[in-house]
Structure formats: structure tokens, C-alpha cells
Amino acid sequence: MQFHHHGYVSGDPRLQPAAGVGLDRPDELPDEVDVLIVGSGPAGMIAAAQLAQFPGITTRIVERRDGRLVIGQADGIQARSVETFQAFGFAERIVAEAYRITEMAFWKPDPAEPARIVRSAVAPDDATGVSEFPHLIVNQARVLDYFAETAANGPARVRPDYGLEFVGLTVSDSDERPVTVTLRHTAGPREGQERTVRAKYVLGADGAHSRVRDAIGCTPVGDRANHAWGVIDALAVTDFPDIRTKCSIQSEAGNILLIPREGGHLFRMYVDLGEVAPGDDGAVRRTTVERIIARANDILHPYTLDVRHVAWHSVYEVGHRVTDRFDDVPLAQAGTRTPRVFIAGDACHTHSAKAGQGMNVSMQDGWNLAWKLGHVLEGRSPESLLATYSAERQVIAQDLIDFDREWSTMMAKRPEDFDSPSALEDFYVRTAEFPAGFMTRYAPSVLVGETTHQALAEGFPVGKRFRSAPVERVSDGNPVHLGHQAAADGRWRIYAFADAARAGEASALSHVAAWLASSPESPLARTPGGADDDAWFDVKVVYQQPHLDVDLPRVPRVFTPRVGPFGVLDLNKVYGVDPEHDIFALRGIDRGGALVVVRPDQYVAHVLPLSATEELAEFFRAVAGVRDPAGV
């Protein structure tokens, strides 16, 4: 975290100085806004937190509840999400209060006495070390609290407007704020009254029964698995030895997925209620909590579960659905007009809770869209950029549905139905990268380059998330993770991995550094006058030498930009290798050097040679929607 560059800060440095619309934010929801977010779930709150970094944009988020969420249904936090929390500034705090999953136990019928269950295997949660971050369990409500704090502390001071539900919307063709949204008060002295708000863009993050989705005519496509599960968050006295370990429990009486919860005592059980009979007409959803507990005891035999308190329970039928599009542009009109209304999270993809993906994928939806809205509204990119949201995230949602369909089907099987006794645990280990959140890979587009030069940095696959690695900060010698030095502030990142030359020597690095700093074709040339040197682009360098062998005063100027009203130098963007964990070796970076371009949402956009200044300029011209000097 960096602060003091605007002057001495004696209070909480997480509270950023208010700016723009955050200087005099009205308590009352105004009649006109730039972005209206409907729903304060994971997708909506991360979008609000990101847009709070854009002080020139009026963002408001409405929620039908009269206050914060108290008990959330989602609780699984994949490692990719913890990476995201790091960028938003609260990873360490949420890790401290969460339950950490390090392994999963598999229980099956005892071959000698099938009516009893026995532990058959224990599999590590991250056998390959795909991330330095852990897999967590923490209540959704706490995740929302942290994002709400981040949004409220951002320059634009974004806070939810509670007690307002979405009624409907219309979209005009020509108005500056073409989306007219009708809202209804659900609490307070104006309960039942309606009002309208006009917006440039609307994000519907209002859940599986989304009214915004219905208003724009999006169609959920998919099916149900006709299998029901009871879910309980409970405190209990039990002799089951793995009550504090994530477990898959298969018995002759059915199956359980056991998830220990944060706090050391609470746990969640997904209890198999069996196939849903034809013509059930929702009757299974009225299964009592007593019946769920009795079923759990049958499955756990010979162990017993004496439930003392139930914090929450529910019954659901597994379903897998993805909407036909994630914005208001009909498929037949795709590419012909700008999307104005978007949906995210459960509003556009629903699935089982078994793989713990819902909240995680929803957050990536919200982040993907929010920074793009910020760039379009600030004039950094053309409106056409917004079409990439549906194009990118719909593919990811379908991948999630395909994975979850296979996983939830396996979770519902009887032990005797598997071809191999170890099939379930083998699948868990083999597919670990997907539920960890690291299989997302965006296809080439205006935001993702081709893989022509991928061999220069094999460990940073174009289209996938930027995978961090240890480095040494030259200014103070501190060992840090390179990826952890990037905040969710809406900026593009350009990482220059140096050739073998030392700082100050003529080299490919010094050439590209001079070009970045002074060429009118450099993407940095678009930074507004009067703004910090790195206001739009965060440019970092990693040398091949350890930090003591890098002469900081001889490092090219572009890597030590002037920031803040006093124009102080930022010396924290220059790194050397960690001799014990050489990032060049760890991530397969060519010793001749490379440029790695990373999007504001942490996905690798391009890998280029240090000499490829024209290709870099061309890429960012497309992102900015401007013509090159030849008029192409």
C-alpha cells in the first residue's frame, strides 16, 4: 500500500481521498446517474468497488433489502478470488477470519461391513501449487462487507442505497442517459412509492430470479438434474472424526458434502435427498430440517450427529442454466449497437453449489464489466469495448456449467455406480485448477492479443490470469510477490522483463523505456495532462540481477514516475530477481527480455519482445479506438 504522496496521512490509509463525485455525494439517490447497479450481491458489490476508483463517474447501487446481508448462502472462496481480494486490499484480513481448506477426505462404505462408512483417501487441495493463495470458506455476507468498505473508501465514495427494488426499465435510442429505470421503495416512510432514475448504463446483479434479465428479454437455457439436496449450517456434537475437514461422504444411505465453516465450530452439510419424483411440483423443497438431519445421521452411520443449533437451512434441486446473452443487444443485432443494460452473476448462470463456484464466478463477471464501463465513461476506450463483456463471460459461464454438471452428477452417484473405487477423488485432484479459478482463458480480441510471441513468457499464457512470482524490490530490498503490487485501480499494467544488461547500459530495455517515455505513439502519451505520470498505465521493470546489483539512479525514468501534487518519485516499480525463486526461470521468461501487458482485471493481454514497440502501439490504439498514423 502506498500513501503520503499527497501529504502526511495520520488516519487509516485505506480511506482514499474523496475526489470528483465523491466530494459532495448526495445521500438521496439522484434522478440521473452514469451507472446504476441493481443488487448488492458479489457481482454488484465488486462492480461498485471497482467503479469507486473512477471519481468522475456517478455510480449508485440499489438493493431491495433494508440493510446489509446477514446470512449468505455462498461460502466457498477459490484461490483466484483471494488473488482478487489482494488487488482490492483486503486479502490478509479475510484470510485471517476464514476457514482454510488444505485437503479433502473421502469416506465410503467399509468393504467388510458396507453399512458402515470408513475414510478411504485424503487428497491435497492444491497438489500442484497453482497459487500462493489458499482456498477459503467464509460467509458471503463478510465478503460483501469488505467490498462495501472498499467502495465506500474509494474516491467516488460509493455506498448502497438500501430499500429500493427494481420494477422495470426502458431504453431509448438517443438520450444521453438512455436507460430509464423504475424503482419501488421497500422500506421506510415511502414504502410502496415508485420513482424513476435515468442512467447511461445499468447492471442487473439481482440474482437467479433477476427482474433485470426479464426486462431485457434474456433467456436462461439449460436443464435440471432432478436431484434434491438439503443444506444446513449447524453446530453439533458428533463423534465423526473429520467434522473439521472438507469431506465427500458416500454411503449406502446416500451422500454428503461436508464443508467446515469459519470460526472453528460451524459446518455446512449438503445432504443427499435423492431423486425428485415426476410430478413432485416442489414438494421436496418443503423437506423439514428435522428430516435433513435424520437423513444425515443415516448416511454417517456408525457415527452420530447431535445438532444443537441450525443457523440456516434450505432445500434445492440441482439446475444448470446459462442465459443466451449477458446484455440487452439481441443476438440478431450483435455488433450493430452499443449494449446499455447488462446482467451478471446468478442472473445469467445458475448451477449447483457443490463446486463452490457461484460467488467466485459472479465476482469475476462484475470486475470484468466494471473496469470497462469506467474506461468507456472516462473516454479511455470506445463504447464498442462493452460488447466484449458478454463475449468473454458467457463462454466462461458455459465452461462452469459443463464442469459443474459432471461434478454434481458424480457427487450424487452411489459408490457401486463408479467404474473405479477412486474415481471421485481422482477427478477432484485432476481438475483442481478449475475449481481454484485458474482455467479461465479469454480468446483473442481487441483486449487480448495473439499468442505469436508466447514463447517469450511461457508462464504468462495470453488470455489467462497473471500468475504472480517472488521478486526483490530494489528500493528497499524487500522480497515481495510481483502480482501483489497491482491494485484494482482501473489501470493497465506493462511489465518489462529486462534483458541481461544492467541498469543504465544500452540495451533493448533502455530502448523500449525511452520509447514509452517520449514517443507520441506510446500508450503513455494518452495520459491526461496534469495527471500523475502513471495515472492510466502502471509500468514496472524486473531486472535479471538481484536487487543489490541494480543501480536505482540509472534505471530509466519511465520506471520511476512522478506522482502526487508534490511530484515525488515512485521508487517501488523496480525489481530484481529473488535468487532462490528466479521469476525468469519460474515463469519461462526469455533471457532476451519480454513485455507482458496485463489488463485492469489481472488477465494477460499480450506478450511481446522488448523491441516490438509498433505492435504495442497498435494494440493500445485498438483498445483506445483510435486510428494509427497511417489512418488504418
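These exercises walk through a few places in the structure, each with a worked solution.

The model is predicted, so local features need pLDDT of at least 70 and side-chain atom pairs count only at pLDDT 80 or more, while totals for chains, interfaces and linings use all residues. Residues are numbered from 1 along each chain as its sequence is written, and side-chain values use heavy atoms, with hydrogens and water left out.

**Exercise 1. Find strand β1 and work out which strands pair with it.**

Step 1. Helices (H or I, at least four residues) and strands (E, at least two) are DSSP runs, numbered from the N terminus. Strand β1 covers residues 32-38.

Step 2. Two strands pair if DSSP finds at least two bridges between them. Strand β11 (residues 194-204) pairs with β1 in the parallel sense over six bridges; Val 33 has Ala 199 in β11 as its bridge partner.

Step 3. Strand β2 (residues 59-63) also pairs with β1 in the parallel sense, over four bridges. Here, Ile 37 has Ile 61 in β2 as its bridge partner.

Step 4. Is β1 enclosed or open to the outside? Buried means under 20% relative accessible area, exposed over 50%, and partly exposed in between (1.4 Å probe, protein chains only). Six of the seven residues of β1 are buried, so the strand is largely enclosed by the rest of the structure.

**Exercise 2. Give the strand order of the open sheet that contains β7.**

Step 1. Strands of a sheet pair through backbone hydrogen bonds, either parallel or antiparallel. In this open sheet of three strands the order is β3-β7-β4, and the pairing is antiparallel.

Step 2. At the edges are β3 (76-77) and β4 (99-101), each pairing on one side only.

Step 3. Look at β3 and β7 (residues 135-137): two bridges join these antiparallel strands. Ile 77 has Leu 136 in β7 as its bridge partner.

**Exercise 3. Describe the backbone at Arg 157, Gln 602 and Pro 302.**

Step 1. Arg 157 sits in the loop between α4 (140-153) and β8 (160-162). Its phi is near 55°, a positive value in a residue other than glycine. Arg 157 counts as buried because its relative accessibility is 13%.

Step 2. Gln 602 belongs to the loop between β26 (594-598) and β27 (604-608). Gln 602 is not a glycine either, yet has a positive phi of about 80°. With 12% relative accessibility, Gln 602 counts as buried.

Step 3. Pro 302 is in the loop between α6 (289-300) and β16 (305-323). A cis peptide bond, with omega about 20°, joins His 301 to Pro 302.

**Exercise 4. Describe the surroundings of Asn 368.**

Step 1. Start in helix α7 (residues 358-377), where Asn 368 is placed. Asn 368 counts as buried because its relative accessibility is 0%.

Step 2. Contact means heavy atoms within 4.5 Å. Leaving aside neighbours within four places in sequence, Asn 368 is in contact with Tyr 389, Glu 392, Arg 393, Tyr 442, Arg 599 and Asp 601.

Step 3. A polar contact is a pair of N or O atoms within 3.5 Å; within protein, one must be able to donate a hydrogen and the other to accept it, and residues adjacent in sequence count only if both atoms are side-chain atoms. The side chains of Asn 368 and Lys 372 make one of 2.7 Å.
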